[in-house]
Amino acid sequence: MKRSLLYAGLGLIIFALSCNELKYYHPLPQQATELQKTPHFLEGLFFVSETEITSKDSLKLLQKKAEKPAYFLSAVFDIDLTKEDDVQYIKLEKTAPGELQMRSFISTRAKDLRQYPRTIKNDSVDVNWDIAGHIMMCKGKVRQISNDTVKWVDVNHKKTVELINGHYHFTDNEDITVYSLNKKKIYSSGKDNEDSDLLVKKHKDNYFFCSKEENDSLWRINILEPTKTGFLYYYIATGDYFNENIDKFRQLGKFDQQGERNYIADLSDEAFYKLIADNQMRESLYFYQIEKKKGFALPLSLIAVAISLFAVAISRIKKTK
């Protein structure tokens, strides 16, 4: 997956955005129902993949890949130890009425990480790493290419990790994103991120997260579609397929070009629905729920306690008679 997902948060952006993303003059669809409550399916722990997972076995294989020490160290220190960079965990949590918090994390078995070589050297890195308590350290050099010039750059990283149920667990706390549907804002704790305006709309089974930065007049539109296993996220990309068929798309409405691949759309609701129905236009991520919300555990436990107390009370009343 685009590693910026882990380090830049959603935007919704749950969701690393592409420079080839279509933008809009107005939030769409205009006639859809506007929501101020968080959609029911956006809560829990999700496994995210760029590729669609067609079986439980495939999901398990991807989860194992995500928990490999090399993948873990690559993501924690943002260094190129592995090319396997397309999986991740996302936690979505309702923190207040109409408010959704998102954070991303990765994990690996503590046993596997402790056995992993402390010196790593390949074509891209020459580093030493170690772990002491909850602190992971990495020092050495990484290879960078800029304007066809190759150079080795010093790195010296320290990151905090947690040990949970035999797994080392890493979350970048600087990149927690909050989506406030009732305040119509996106708040991000990332250093380079500014608050954004937000409108969330619903039409049939689709949810539309429309957002724009406060200093921008153009809107991004990300579509979420709930599934039996989680939800699908996508936006419309202006890649080769879009450019090759631009005359066909212009029959739907106005597309103003800005740069080689950047377009701004002015569409009716009907035209917008036709546009997003074209699967070849979509840049997608798949969210698979691996931990469901435990909505009934607390009420049931309270009921059990109440029944026990009631039984004790009845017993005492009988003894006094």
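A nonpolar core is a set of buried Ala, Val, Leu, Ile, Met, Phe, Trp, Tyr and Cys residues joined through side-chain atoms within 4.5 Å; buried means under 20% relative accessible area, with a 1.4 Å probe and protein chains only. The structure described here is a predicted model, in which local features need pLDDT of at least 70 and side-chain atom pairs count only at pLDDT 80 or more, while totals for chains, interfaces and linings use all residues. Residues are numbered from 1 along each chain as its sequence is written, and side-chain values use heavy atoms, with hydrogens and water left out.

The chain has eight helices and 20 strands. Helices (H or I, at least four residues) and strands (E, at least two) are DSSP runs, numbered from the N terminus. Of the 321 residues in the chain, 45% are buried.

The largest nonpolar core holds 24 residues, and those touching the most other members are Leu 22, Tyr 24, Phe 242, Phe 255, Leu 267, Phe 272 and Leu 275.

H7 supplies the largest share of the core, four residues. Leaving out residues up to four places away in sequence, Leu 275 touches Leu 22, Tyr 24, Ile 236, Phe 249, Leu 252, Phe 255, Leu 267 and Met 281, where contact means heavy atoms within 4.5 Å.

S19 also belongs to an open sheet of three strands with the order S1-S19-S18 and mixed pairing. Strands S1 (23-24) and S18 (254-257) are at the edges with a single partner strand each, so one side of each has no neighbour in the sheet. Two strands pair if DSSP finds at least two bridges between them; S1 and S19 pair in the parallel sense over two bridges. Tyr 24 stands opposite Ala 265 in S19.

Helix H3 (residues 69-77) is mostly covered, with nine of its nine residues buried. After H3 comes Asp 78, whose phi is positive, near 55°.

Lys 201 lies in strand S14 (residues 196-203). Lys 201 is buried yet has no salt bridge, and the nearest side chain of opposite charge, Glu 34, is 5.5 Å away. A salt bridge is a side-chain nitrogen of Lys or Arg within 4 Å of a carboxyl oxygen of Asp or Glu; Lys and Arg count as positive and Asp and Glu as negative, with His and the chain ends not counted. A polar atom of the Lys 201 side chain lies 3.0 Å from the backbone oxygen of Pro 29.

Key:
Buried means under 20% relative accessible area, exposed over 50%, partly exposed in between (1.4 Å probe, protein chains only). A polar contact is a pair of N or O atoms within 3.5 Å; within protein, one must be able to donate a hydrogen and the other to accept it, and residues adjacent in sequence count only if both atoms are side-chain atoms.
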